[in-house]
There are 2 protein chains.
Amino acid sequence: MSVVIVGSLAFDTIHTPFASREKILGGACTYSAIAASHFTKPLITGVVGEDFGEKEFSLLHSKKIDTSGVKKEQGKSFFWEGRYHLDMNTRDTLKTELNVFERFDPEVPESYRDVPFLFLANIDPPLQLKVLNSMRKLKFSMVDTMNLWIEIKKRELTEVFSRVDCVVLNDSEIRQFTGKANLLQGAREIQKIGPKYVIIKKGEHGASIVGRQGFYFPSASYPVEDVADPTGAGDSFAGAFIGFLAQQNKVNENTLKKALVYGNATASFTVEGFGTERISQINRRDIDNRVKAIRALSIF
Amino acid sequence: MSVVIVGSLAFDTIHTPFASREKILGGACTYSAIAASHFTKPLITGVVGEDFGEKEFSLLHSKKIDTSGVKKEQGKSFFWEGRYHLDMNTRDTLKTELNVFERFDPEVPESYRDVPFLFLANIDPPLQLKVLNSMRKLKFSMVDTMNLWIEIKKRELTEVFSRVDCVVLNDSEIRQFTGKANLLQGAREIQKIGPKYVIIKKGEHGASIVGRQGFYFPSASYPVEDVADPTGAGDSFAGAFIGFLAQQNKVNENTLKKALVYGNATASFTVEGFGTERISQINRRDIDNRVKAIRALSIF
């Protein structure tokens with residue numbers, strides 16, 4: 001099965017303590033769609049500006065990503081500039097220019113609406129709701145968000161949470177949303193709103209999935225010694241996770257655990273290069289090999 | 001085989017966002033010895049004041065901990081008071097009174113000196129060196145430390161590192177000691193000083209061990225929903241780790257991996273109660289069952 005993904009397509013200027021890149025392809029939708037493309041066909045919805053050209057579309061099309069839901073509008077694409085701290089886990093935003101994203105009103109093409117898998121990457125919660133409302137045959141839907149929406153649109157976000165199967169958040173977002181110090185307690189609070197599953201992203205430490213009736217699975221991240229750029233790791237994780245599930249077309253404890261490991265494996269490639277460089281180069285066999293390596297590491 | 005442990009025996013006043021306890025038994029040596037006692041016989045070295053009485057010694061003796069290396073001196077025992085933040089991972093130190101610990105000069109009893117396993121819990125590095133120099137038949141030695149010594153006694157600490165088999169540090173200490181953002185790179189830097197193994201403690205996220213020739217094993221922590229008090233989790237982890245190794249009397253990749261899981265399992269009990277409450281109540285079967293649960297969780 002294929003997967004619909006909605007989120008930002010952007011340009012990023014990224015500074016790490018070791019290097020910088022100017023205006024490279026970025027955005028949550030971009031990362032998660034490329035990650036998902038290693039498993040299934042992603043159909044994406046988003047908005048770009050005039051600066052988003054042939055080069056960017058070619059990359060997406062080379063990954064067999066359906067971009068018929070991407071609107072091109074007058075003006076510039078969403079732009080983000082950030083600087084990572086020495087620990088490569090925390091970062092400061094230096095600039096956020098919404099540009100065409102400010103007026104983004106996602107329209108889900110008719111050809112997308114019967115797709116059973118959906119990933120709502122981080123965008124304004126009312127827009128996530130609009131996309132949800134457009135989908136007719138959902139089997140598994142997942143949502144990501146960010147601290148800003150938890151702060152200023154918690155009500156709308158809660159409504160989105162109530163209507164999806166899985167919420168994927170990082171540890172600090174879970175604490176912010178629920179006010180719970182303990183991540184498992186936080187996950188339980190979110191489950192009370194509706195979603196069966198909560199995925200806790202822990203950055204360099206991996207991710208865990210929390211289900212009901214005691215279902216819990218932690219997946220350590222693959223050890224990467226040379227992290228070039230952590231940008232997009234979480235989005236790649238989510239894209240590969242749902243891409244794998246869509247390909248399996250089966251959602252159960254077994255496929256969810258494997259999907260989590262596939263997510264971690266894919267994200268470990270993302271951080272090895274700047275932007276989408278590395279995750280665009282690899283193929284499914286590379287990911288399979290990394291999953292094998294993670295499996296070998298986990299045996300005791 | 002048994003294990004020698006040197007470190008602090010103390011009283012702690014602990015505040016969490018949910019409760020407080022006044023002047024309860026604490027200290028790195030205490031936690032690690034009680035944890036190790038579930039696997040083997042710990043022989044401890046330390047100093048206590050007149051306030052460390054029959055009750056405290058009884059608890060240690062009930063765990064078959066040899067306290068013949070513990071000196072009782074005039075004055076009060078080491079005292080620490082701290083307050084945990086809402087996340088239960090970070091804390092502020094409100095008070096540190098060294099008391100008798102200020103003049104601590106560990107003397108390793110003759111009966112300890114041929115013991116093959118040694119854990120140097122966090123104390124002043126020159127004292128750790130003195131203990132190392134007293135040991136005659138070491139097979140496996142491990143050291144912990146803290147940010148203060150990295151800051152003010154790095155030279156002496158580096159000498160300690162150069163003489164042990166394993167260094168156990170938390171993520172921020174590895175970054176502080178090595179200046180490396182990446183924890184694996186940091187571990188490699190420490191290995192260059194001498195130790196074959198570096199254990200990276202990641203708090204609620206578990207721990208990883210880094211060896212040579214690609215040996216790497218991450219162990220996720222057991223999911224505890226109700227953390228009462230995180231104090232002593234790292235020390236319990238380390239004590240159970242070396243206690244398990246000492247009991248096996250074999251140090252290889254297989255036993256090291258298992259020791260890491262046993263360390264995580266034991267530490268998961270520590271945080272379920274205040275101070276040493278919970279870790280003193282449990283028995284080996286409880287720990288074995290938790291290891292089984294961790295194993296079951298890790299399969300995908």
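The buried residues of helix α3(B) are covered by elements that include β1 (3-6), β4 (42-48), β8 (117-120) and β9 (140-143) of chain B. Helices α4 (147-152) and α5 (154-162) of chain B are also among the covering elements. The model is predicted. Chains A and B superpose by a rotation of 180°.

**Helix α3 of chain B**
- Helix α3 of chain B spans residues 125-134, and its buried residues are B:Pro125, B:Gln128 and B:Val131.
- Viewed down the axis of α3(B), these buried residues fall within an arc of 115°, so they line one face of the helix.

**The sheet of chain B**
- In chain B, 9 strands make up an open sheet with mixed pairing.
- The strand order is β5-β4-β1-β8-β9-β10-β11-β12-β13.
- Strands β5 (66-72) and β13 (216-219) of chain B are the edges, and each pairs on one side only.
- From one strand to the next, the twist averages 15°.
- Strand β12 of chain B (residues 207-210) runs antiparallel to β13(B), and 4 bridges join the two.
- Within this pair, B:Ile209 stands opposite B:Phe217 of β13(B).

**Helices against the sheet**
- Helix α6 of chain B (residues 171-178) packs on the sheet.
- Its contacts there are with β10 (166-170) and β11 (197-201) of chain B.
- The direction of α6 makes about 110° with that of β10(B).
- Helix α8 of chain B (residues 233-248) lies across β1, β4, β8, β9, β10, β11 and β12 of chain B.
- Relative to β8(B), helix α8 runs at about 170°.

**How the two chains are related**
- Two copies of a chain are related by a rotation about an axis and a shift along it.
- Here chain A is superposed on chain B by a rotation of 180° with 0.0 Å of shift along the axis, at an RMSD of 0.0 Å.
- That is the relation of a two-fold axis.

**The interface**
- Contacts link 24 residues of chain A with 24 residues of chain B.
- On the side of chain A that touches chain B, at least two residues each come from α7 (183-193), β13 (216-219), α9 (253-270) and α11 (284-298) of chain A.
- The residues on that side of chain A divide into 14 nonpolar, 4 polar and 6 charged.
- The copies meet through the same surface, because 100% of the interface residues of chain A are also interface residues in chain B.

Technical notes
Residues numbered from 1 in each chain as written. Chains lettered and ligands numbered in written order. Predicted model: local features only at pLDDT ≥ 70, side-chain atom pairs only at ≥ 80, totals over all residues. Least-squares fit on C-alpha atoms with pLDDT ≥ 70 in both. Contact = placed C-beta atoms within 7 Å. Buried ≥ 20, exposed ≤ 12 C-beta atoms within 10 Å, placed from the backbone. Arc of directions from axis to C-beta. Nonpolar A, V, L, I, M, F, W, Y, C, P; charged D, E, K, R; others polar. Pairing = 2+ DSSP bridges. Axes fitted to C-alpha atoms, helices over the stretch in contact; angles between N-to-C directions.
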